[in-house]
Amino acid sequence: PHTACVGLSLSTKQFTSVPTRAYMIEGIRVMMPHNANVRDDGSLDFIDAFNGSLKGPLWTTCPVCVFYDMLTNDKHGAGDFIDVTSLNWVDLYPLAQYANQLITNPDGTQEPRFAINTVISSQADAYRVLQDLASVFRGMTYWASNAIQVTADHGQLDGSDTNPVHLYTNSNVIDGAFNYAGTSLKTRSTCLKIRFNDPGNFYKTSVITVENYDLITKYGYQTREITAFGCTSKWQAQRMGRWMMAAEELDQEVVTFTVGLEGIACFPGQVFAIADEMRQGARLAGRVSSSTTTTVTCDQTITLPSGSAHKLKCVLSDGTVEERTISSGDGTTALTVSSAFSSAPLAQSVWSISSSSVVEQKFRCSSIDEDKNGTYTISATQFNDSIYATADTGIDLQLDDITTFDDIPLRPINL
C-alpha cells in the first residue's frame with residue numbers, strides 16, 4: 001500500500017541491458033487552505049478570505065503545505081508524534097501566501113517566490129528533514145504555548161514595511177543597556193555558489209553564482225557553497241543567493257539586552273524596534289506620564305529632531321505599537337498627534353520619536369532566554385525592510401539613518 005508502481009516493455013534488440021530510467025512525477029498530495037486553487041505549475045492562487053479549514057489532498061509545489069504534511073502525516077511524516085492541533089494555520093496561511101506570490105524573473109517569465117520539487121527517498125533524521133523543508137520558505141520552528149510555532153523571514157505581500165511588534169528603549173531595559181556585537185567584513189562571503197536541480201539538464205545539479213563585486217575588490221574571493229533544497233528554478237536559486245548575501249550583511253550586527261516581563265512581548269522571528277539614546281545621539285524615547293488618544297504627556301521636555309515627518313510611536317493597552325504624525329508639542333512635555341490612536345497609550349508605557357533624519361533601528365528576534373530572577377535576555381539580528389526587494393529584484397539594501405551623529409569628527413591636533 002501507499003506505493004507507486006510503473007512498468008515498461010523494452011525491446012532487447014534496441015537495449016542490450018536494462019537502461020537507466022527517469023520519471024517525471026507529481027508526488028504526494030497534501031492538504032491545503034480551502035480557498036486555494038492550484039495553478040498549472042503547482043503553485044497556489046488564493047481566492048477570497050481564509051476561514052481556517054483545509055481541503056484536499058491535492059498536488060502542489062507549495063513548500064508550506066508540504067511542510068505541514070510532513071509534520072502531521074502518520075505514514076511518511078512525524079504524525080505519530082505531532083497532532084494537527086499543535087499547529088495553527090492562522091500562522092501558516094501568511095507564509096503560504098508569501099511563498100506563492102508570483103515574481104517576475106529577469107527574462108520576463110513569472111513563477112512563485114518559493115516552490116519545492118524534491119524526492120525524499122531514504123530515511124533521515126526527522127528534525128533535519130523538517131529544517132530542510134522549512135528552509136525553502138526561509139522558515140524556522142520553535143515550541144511555545146504548548147504548540148509548534150512556525151515563522152519565516154518574509155516581507156509583506158504589498159511590499160510595505162514590517163511593523164514592529166514591540167518597542168524597547170533605555171527606559172524599559174535593565175540598566176538601560178543594549179549590548180552590540182559584530183563580525184569582521186573579512187569573514188563575510190563575497191561569492192555564493194547555489195546548487196539546484198536543473199530541469200533543462202534532466203534535473204541534474206547545476207550551479208548559479210551570486211557575487212558582491214565591491215567586497216571582491218577589497219577582500220578577494222571568499223566563496224561559500226549552498227544547496228537550495230528542493231529547488232528546480234535557477235531564478236529561485238538566484239533569489240536565495242541574493243537574500244543570503246544581504247542577510248550576511250545584516251547579521252553582522254547582533255544586539256543583546258535584558259528586560260523584565262516585556263521579554264514576552266515578542267517571539268523568535270518577530271521584528272521589534274530599538275530606540276537607543278547612546279546610538280541615536282539624543283534622547284528621543286522615554287515613558288508616558290499620561291495620555292489621551294490625541295495627546296501624550298511625556299516624562300521630559302521634547303526637542304524634536306531635525307528633519308520633517310516627525311512621528312510618535314506608543315505602546316497601546318493591548319500591547320500593540322502604533323505610530324502617528326506629530327502635529328505640535330516641540331519644547332513642551334505634551335505631544336499632540338494629527339490623528340487619534342486606537343486607544344490611549346498606557347501610563348508608564350514607552351514612547352519614541354522619529355523623523356526623516358533619524359528613526360528607530362529594527363531587529364529580528366533570534367532567541368529569548370528566561371533567567372532565574374524573572375527577567376528575559378533577548379538576542380536579535382539587524383533587520384532591514386529592503387532585504388526582500390533586494391532578494392526579489394537585486395537592488396541594493398536601503399539603509400535607514402539611525403543616528404544624529406552626522407558631523408565628520410574634527411581632525412586631531414597637537415599630537
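**Salt bridges, a pocket and a buried helix**

D132 and R128 sit 4 residues apart in helix α3, so about one helical turn separates them. (Helices, H or I runs of at least four residues, and strands, E runs of at least two, are taken from DSSP and numbered from the N terminus.) The two side chains form a salt bridge, with the closest N and O atoms 3.7 Å apart; the term stands for a side-chain nitrogen of Lys or Arg within 4 Å of a carboxyl oxygen of Asp or Glu. R128 is exposed at 52% relative accessibility, while D132 is partly exposed at 23%. Here buried means under 20% relative accessible area, exposed over 50%, and partly exposed in between, with a 1.4 Å probe and protein chains only.

A word on the source: this is a predicted model, in which local features need pLDDT of at least 70 and side-chain atom pairs count only at pLDDT 80 or more, while totals for chains, interfaces and linings use all residues. Residues are numbered from 1 along each chain as its sequence is written, and side-chain values use heavy atoms, leaving out hydrogens and water.

The whole structure holds 15 salt bridges. R224 and E248 meet in one of them, at 2.8 Å from N to O. This pair links distant parts of the chain, 24 residues apart, with R224 in strand β13 and E248 in helix α5. E248 is buried at 15%, whereas R224 is partly exposed at 35%. R279 pairs with E253 at 2.7 Å between the closest N and O atoms. Since R279 belongs to helix α6 and E253 to strand β14, the pair ties together parts 26 residues apart in sequence.

Helix α5 also turns up in the second largest pocket, giving 9 residues, the largest share of its lining. A pocket is an open set of points on a 1 Å grid over the protein atoms alone, where a 1.4 Å probe fits, with protein on both sides within 12 Å along at least five of seven lines; lining residues have an atom within 4 Å of a point. The volume of this pocket, meaning the space filled by probe spheres set on the points, is about 750 Å³. Of its 33 lining residues, R138, D153, W243, M244 and A247 are the closest to the centre.

As for burial, 44% of the 415 residues in the chain are buried. Helix α1 (residues 63-72) has 10 of its 10 residues buried, so the rest of the structure largely encloses it.
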